[in-house]
Amino acid sequence: MADRLQSCYREVNVTDWRLVGEEVLGTKPKRWRADPQTGEQWLLKDATYSRPADGTSYRKGDDWAERIATGVAERLELPAAQTELAVDTRGDETCLGVISRDMRTPEEDLLHGNELLKDPPVGRGRSGYTLEAVREALQGVRPPTGIPEAFTAWDVFVGYLVLDAVIGNTDRHEENWAVLRRGELLKLAPSFDHASSLGFLWSDSAREARLATRDRGYTVEAWAEKARSWFAGRPDVLDVAVAALEMSSSHTRSRWLDRCQDADRLVEPIWYVPSHRMSRTAGEFAERLVRHNRRRLVVG
């Protein structure tokens, strides 16, 4: 595809949105802001910068990676946090980022995976954080709203892992999935926090080198195959998705793999990002990554 689509994702100026509070989870600064028109709370996450040893710096793509991931999730018919590209003016500085709408209702609490697992992950090998442990933790949990009744919370979580495989998301640790609790009712939360994907961390010069190389060990595709998950043993994110599919019913496997058949549709969200937020080089890199990962997942 490698071209901007006619309609672009909107950018939301949150400069005048009221600060509600700071988010304590995670390693990056995040702030809750309230939409003055609706009162809805959104989590504002600034785009981050990389500062190589040569003294230069560049803005990474964690903002557009989040927004693209939401678009890919929509095409997979997966529930995911609503996100929008954001602009925040602080004095003379214009800061770019992304906002993610609060998934909770006033009556709900958010329980992260680490609160649900019987045993926490142990050591560098992440012993204990297995697919079997997650499936057990989701016993008795309902699927998200809008999912057919025939599917369990585990079936939907498998879809989250398929999304991770397609976009190369390496951050599905035990605090990056959750359950919504309302009284005694537990319901799997939509998928969220997908910034660590799509080659967001590279500079455009590094992307250009991988796009142009004839060295098969240095291509976009070779790099995509090195994406590691947080599950026990740190396996490839695609291997995690394949293993989860194999643990599931044929109905579940068909649902998620059928939605991966149309590669052109899966890469569409990349080209909805405005050109001043994501370069053409970054878009070409992300598209090649998604096409390769989808092919590996569907074809093998």
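Colleague: Which charge lies over the face of W154?

Modeller: R135 does, at 5.8 Å from the ring centre. Keep in mind that this is a predicted model.

Colleague: And what lies over the face of Y218?

Modeller: R210, at 4.1 Å from the ring centre.

Colleague: Back to W154. Is W154 buried or exposed?

Modeller: Buried. Its relative accessible area is 7%, and the cut-off for buried is under 20%.

Colleague: How many aromatic pairs are there?

Modeller: Seven. One of them is W154 with F157, whose ring centres are 6.2 Å apart. Their planes are at 25 degrees, so the pair counts as stacked. Stacked needs under 30 degrees.

Colleague: What's the relative accessibility of F157?

Modeller: 0%, so F157 is buried.

Colleague: Which residues make up the ring cluster there?

Modeller: W154, F157, Y160 and W177, linked by ring pairs.

Colleague: New topic. At what angle do α5 and α10 pack?

Modeller: About 50 degrees, with the axes 9 Å apart. The two helices are therefore oblique to each other. α5 covers residues 204-212 and α10 covers 280-298.

Colleague: Is that crossing left-handed or right-handed?

Modeller: Left-handed. On the α5 side, D204, R207, E208, R210 and L211 make the contact. From α10 come T281, A282, E284, F285 and R288.

Notes: Residues are numbered from 1 along each chain as its sequence is written. This is a predicted model: local features need pLDDT of at least 70, side-chain atom pairs count only at pLDDT 80 or more; totals for chains, interfaces and linings use all residues. Side-chain values use heavy atoms; hydrogens and water are left out. Rings of Phe, Tyr and Trp (its six-membered ring) pair if their centres lie within 6.5 Å; planes under 30 degrees apart count as stacked, over 60 as edge-to-face and the rest as tilted. Buried means under 20% relative accessible area, exposed over 50%, partly exposed in between (1.4 Å probe, protein chains only). A charge sits over a ring if NZ of Lys or CZ of Arg is within 6 Å of the ring centre and within 35 degrees of the ring normal. Axes are lines fitted to C-alpha atoms, for helices over the stretch in contact, and angles run from 0 to 180 degrees between N-to-C directions. Helices (H or I, at least four residues) and strands (E, at least two) are DSSP runs, numbered from the N terminus. Angles under 35 degrees count as roughly parallel, over 145 as roughly antiparallel, 65 to 115 as roughly perpendicular and the rest as oblique. A crossing is left-handed if the near helix is turned anticlockwise from the far one by less than a right angle, and right-handed if clockwise. Contact means heavy atoms within 4.5 Å.
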